[in-house]
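Look at the chain below from one end to the other before reading on. The paragraphs that follow take it part by part.

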Amino acid sequence: MKVLITENLRIDLDRERWECRDCGADLISARDNYKRGLLVYDRDPREIHKPLLDPAKYAITYAPDPQWCRILEYYCPHCGTMIETEYLPPGHPPVRDIELDIDALKLQWKDREEVREPVILSEPPRGHAHAHHHAQALPAAAGNSGDRA
């Protein structure tokens, strides 16, 4: 059973492996940080956020200082799809932004049918509980009638 996790990642629960959704490549154990199975491009933030002022004339150009900020881009090593990006201070390890309870996920999906593509609706789902719900006026708060003591 494969479970969609993000736009570009899924987990093969039978093998407990992260996979690229674009090419299906096996990346790393689903119990590990998926970023460890990806290629990393450590970008100079000034490449992305160009200086607004001439760096030859001004010390502060409104571009991120690479001594304080870096941009990490994570790519599938098989097809080159960008999986994630994050802004970090230099020397900071990659953030573990997804940590799933794999055993609980297996139990949750054991009797379900596999979802191969996300369901995209043109309208938000509307339940019966909200269909006839109208805003109601709240009673005035005690002591808030405008009279002053």
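Of the 149 residues of the chain, 28% count as buried; here buried means under 20% relative accessible area, exposed means over 50%, and partly exposed lies in between, with a 1.4 Å probe and only protein chains counted. The model is predicted: local features need pLDDT of at least 70 and side-chain atom pairs count only at pLDDT 80 or more, while totals for chains, interfaces and linings use all residues. Residues are numbered from 1 along each chain as its sequence is written, and side-chain values use heavy atoms, with hydrogens and water left out.

The accessible surface of the chain comes to about 11,200 Å², and 52% of that belongs to carbon and sulfur atoms. Such areas come from the Shrake-Rupley method with a 1.4 Å probe; for residues, only the protein chains shown count as cover. A contact means heavy atoms within 4.5 Å. Among contacts between residues at least 6 apart in sequence, 43% join residues at least 24 apart.

Next come the helices and strands. The chain has three helices and seven strands, and along the sequence they follow the pattern β-β-β-β-β-α-β-β-α-α. Helices (H or I, at least four residues) and strands (E, at least two) are DSSP runs, numbered from the N terminus.

In what order do the four strands of the open sheet lie? The order is β1-β2-β3-β4, with antiparallel pairing. Two strands pair if DSSP finds at least two bridges between them. β1 (2-4) and β4 (26-29) are the edge strands, each pairing on one side only. From one strand to the next, the twist averages 30°; axes are lines fitted to C-alpha atoms, for helices over the stretch in contact, and angles run from 0 to 180 degrees between N-to-C directions. Within this sheet, four bridges join β2 (residues 9-12) to β3 (residues 17-20) in the antiparallel sense, and Ile-11 stands opposite Trp-18 in β3. The loop between β2 and β3 holds Glu-16, whose phi is near 55°, a positive value in a residue other than glycine.

Further along, β6 pairs with two strands. Strand β5 (residues 39-43) runs antiparallel to β6, joined by five bridges, with Tyr-41 opposite Glu-73. Six bridges pair β6 with β7 (residues 82-88), again in the antiparallel sense, and Tyr-87 in β7 is the bridge partner of Ile-71. β6 is mostly covered, as five of its six residues are buried.

The hairpin of β6 and β7 has six residues between the strands, and Gly-80 there takes a positive phi near 85°. Cys-79 is also in the loop between β6 and β7, and is partly exposed, with a relative accessible area of 34%. Which residues does Cys-79 contact, leaving aside its neighbours within four places in sequence? They are Cys-20, Asp-22 and Cys-23. Cys-79 and Cys-20 are 59 residues apart in sequence but 8.7 Å apart in space, C-alpha to C-alpha.

The last stop is the loop between α1 (45-48) and β6 (70-75), where Leu-53 lies. Tyr-62 is found in that loop too, with a positive phi near 70°. Leu-53 and Tyr-62 belong to a nonpolar surface patch of about 600 Å², made with Leu-52, Tyr-58 and Ile-60. Leu-53 is partly exposed at 31% relative accessible area, whereas Tyr-62 is exposed at 61%.

Key: Patch = residues over 30% accessible without salt bridge, like charges linked within 9 Å, V, L, I, M, F, W, Y side chains within 5 Å. Salt bridge = Lys/Arg side-chain N within 4 Å of Asp/Glu carboxyl O.
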